[in-house]
Every structure is written in C-alpha cells, then in structure tokens.
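Q: Can you go through a few backbone details of this model with me? I'll ask as we go.

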Amino acid sequence: MSRRRGREPRSFRIASTGFSRDVNRTAILRLVASAGPIARKGIAARLGLSSATVTGITKELIDQGLIREADTAPSSGGRPAVLLELVVEAATVFGAKVAPDHVVGVRTDLAAKVLERFEAPFDTTAPGAVAHLAALLDGWLDRTPDAPPLLGVGIGVAGVFDAASGQLDSPLLGWRDVPLAQVLGERLDAPVFVDNDVNTLAVWERLYGRGERFEHFLTVTIGRGVGLGIVAGGDIYRGFRGGAGEFGHVNVVEDGPLCTCGKRGCLEAVAADPALLAQAREAGLLHDGEGIERLLALAEAGEPRAVAIYDRAGAVLGRAVSGLVNVLAPERVLLSGEGTRAWTWLEPGFERGLRDHLFPAVSDVRVEVDPWDDAKWAVGAASLVLRATFNGPLDGEHNDLARARIGASDPAEVID
Ligand SMILES: [Zn+2]
C-alpha cells in the first residue's frame, strides 16, 4: 500500500461519475490523443456514441483542461467543424532507464516531448539497490514541485519482465525475480510500468516515432548488447512470460566466444561492443583502459584492422537480421542504440550480410538508422505510461491506475 508521507498524491483529484461514463470519457480522451485533432462528429462516428454524449463529455474534458478546441476543418457546405486536440501540457509522465552503472530519466508532456532530463551514477549490484533506485527517482520527481500532475512512471530495464507475475529478471543488472513495479509504486505514490528496455523503445517508435506508419516493424538495438523489440499487428509481441526478443542470444558461431548468458557463440558475444573490444585487444589495437571510443577513433582514422572488426561485426548482424526479416516480414527494421555511432563502419558488412540472405518476398525491406541519444531509452520508458493511458486496452486493471490520474475515477480510491 502506498505511503502518503503527509502530502497530496501526484495526481488529479476528480470524483468518479459512474462506470459507463468513465469508459466513454476514457475512450474519447484516448481517441483525441491518438487521432486528434478530430471533430466531435468524427468522435461520435468512430466510437458509436450519440452526439449528445460526445458534446457533454467533451465539454467536461475542455472544462478540466485536458482537451481544447484547435482548428477548424474545411467542410463541404455548412459550418466548418471545430477540431479537438489533447492539451499536452495538462499532465506529465516520467520515464527512466536503469543501466548497470547509471540511471537516465526524463519528465515528458503528454506527447512524449522531453521537459526535464536527469542522470545519475547507479550501481545495480550494491546492497539495497532497488530501494536506492526508488529514493533516487523520488528525489527527481520532487525536484519540480510545480510541474503538472504526474500520470505515472515507466521503467525500462535490460531483461525479461513478466507482466502476469510482475517479476523482473535481469542478469545484466544482477536482479532476479524483483517485483520492481510494486516496490517503486509504493515509494513513489504513482502507477509504475516496467518493461524490457528495447520493448519500451519499440512502444515509443510505434506511438511517436518512425513506427507510427507501420503495423509490423522491428526495433533492433546495438551497443553494449544486441536487443530486439517486435511490433506485430500494431502492438508489441511479448511471447510466453514476456520472454520474446532475446535476439542477442541467437547462436551465430558454433562453439564461439563465451557469452554473458553462459552459452557460446551468441550474436552478442560476437558483435556487441564488449566483443569488439576483445577482438581489438587481441589484435593489439587497444591498450589497457582504452574503450570503444578509441576503437571508433581508429576506424575513423582508417586503421584497416579496426575497420575490419566493424565490417565483420556488421556482416554477422546483417545475417542475423536477415533471419528475423525472413521469419517476421516487417515493413521496416529500425536500428537504435549507442552502437549506431559506428554505423558508418558497420553498414557495409551489415548490408552485405542482410541482402545476401533475404528471401525474395521480403528482399525490399528497408533499414533505418537514427542518430542516437541516451535519453531515448528514458523517453521510451515514459511512453509506457502514455500507452497505458491512451492506447492500452480499456479493461486492463493496471492501465486504469494511470487513467485514474486524468479523472476517469477517483485516484485516491485507486491508489490506496
Ligand atoms: Zn548469450
């Protein structure tokens, strides 16, 4: 149960006005958020509601400052229709990505635009690490006391999150069966949503990024590890117990280098940054203490052995991605992660490895690479809350916690 600590919860307080009205209100808000600006007539048609119901509820939402009249749409005869849009500054959400040695966080508006950015060193293996994380996030949330109300907190972590049991398993962080959402939720007085970090990026891409136009796409991350988020039929594919997407542990070399997972020859053990560093050290290119920046600088300076390391890694990645494309037939492959800084050197091998192994029916798949910013992980995590509020299933119990914050029911009842 939540700890109050004698202060108001970080939420709106609007009394419940009946279940069916809540459902209609939430449905309208979600539609305006995802399809707006939109006319009242369009809302009524899309949701199968009477125009009187739509007029009443939209008036209430406008009075509460959650939506507003935007522009007018041209119409064929008669008065032009007034369009309604979400007031993106009416509330905020918070997102954080927990890495083995640091946490990066953002506060965003309701369109996932970053308003504030936070970063702190963090040791996930220290005793009481989860409690420390809760205290760190609590401090960040309190830093802007006059910020608009908070809908919820999203957390992205490398690992497998089982939504049914609420347990997080992250070998990378040294966390096993941690009920992270529950522990953080109690401390933060806010609904907390946890997911695999690459899934959070894929959610962001789907709702606000390059995946808005695509029902089927893959988010592949490269860098410290190799990750995968699968969007199929417009939503994340999680597999049994949330375990889908362990692309980094697909075997690519029989009896190859040892992987962090304990097996040999995983994609990650051959093509992620630690593997490239090991190869560079073996080639005598790096001295003790020199890291990936140095290897990248060597490639940029034209050192042929450094260029060859990236080229080989790119080829292995491309070949592995061709397998995904052949199986899943995505419209796009969206590459992300800190490893994309080396894309100039990875790309020739990647293109070769990919195109040489694509099945003809999917051979026109396009790969897009975005300039990387570490805060994107945190924005991805924040979009978990926005998804729950505006895009998730209406009957999801946990999603209701975030929706309660925008007045769908009395938040005090929901939180306690
Ligand atoms: Zn592995």
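Q: How many bridges join strand β9 to β10?
A: Two; β9 covers residues 167-170 and runs antiparallel to β10. Bear in mind that this is a predicted model.

Q: What stands opposite L168?
A: V178, which belongs to β10.

Q: What is the order of the strands in that open sheet?
A: The order is β8-β9-β10, three strands with antiparallel pairing. The edge strands, each pairing on one side only, are β8 (160-162) and β10 (175-178). On average, neighbouring strands in this sheet are turned by 10 degrees against each other, with direction ignored.

Q: Changing topic: which residues does the cis peptide bond join?
A: G36 and P37, with omega at about -5 degrees. P37 lies in the loop between α1 (19-35) and β1 (38-39). Most peptide bonds are trans.

Q: Now phi. What is the value for A112?
A: Near 65 degrees, so a positive phi in a residue that is not glycine. A112 sits in the loop between β5 (102-108) and β6 (114-121).

Q: Is A112 buried or exposed?
A: Buried, because 21 other C-beta atoms lie within 10 Å and the cut-off is 20 or more.

Q: And where is D255?
A: In the loop between β14 (235-236) and α7 (267-271). Phi of D255 is also positive, near 55 degrees, and the residue is not glycine.

Q: Why does D255 count as exposed?
A: Because D255 has 7 C-beta neighbours inside 10 Å, and exposed means 12 or fewer.

Methods: Residues numbered from 1 in each chain as written. Predicted model: local features only at pLDDT ≥ 70, side-chain atom pairs only at ≥ 80, totals over all residues. Pairing = 2+ DSSP bridges. Helix = DSSP H or I, 4+ residues; strand = E, 2+ residues; numbered from the N terminus. Axes fitted to C-alpha atoms, helices over the stretch in contact; angles between N-to-C directions.
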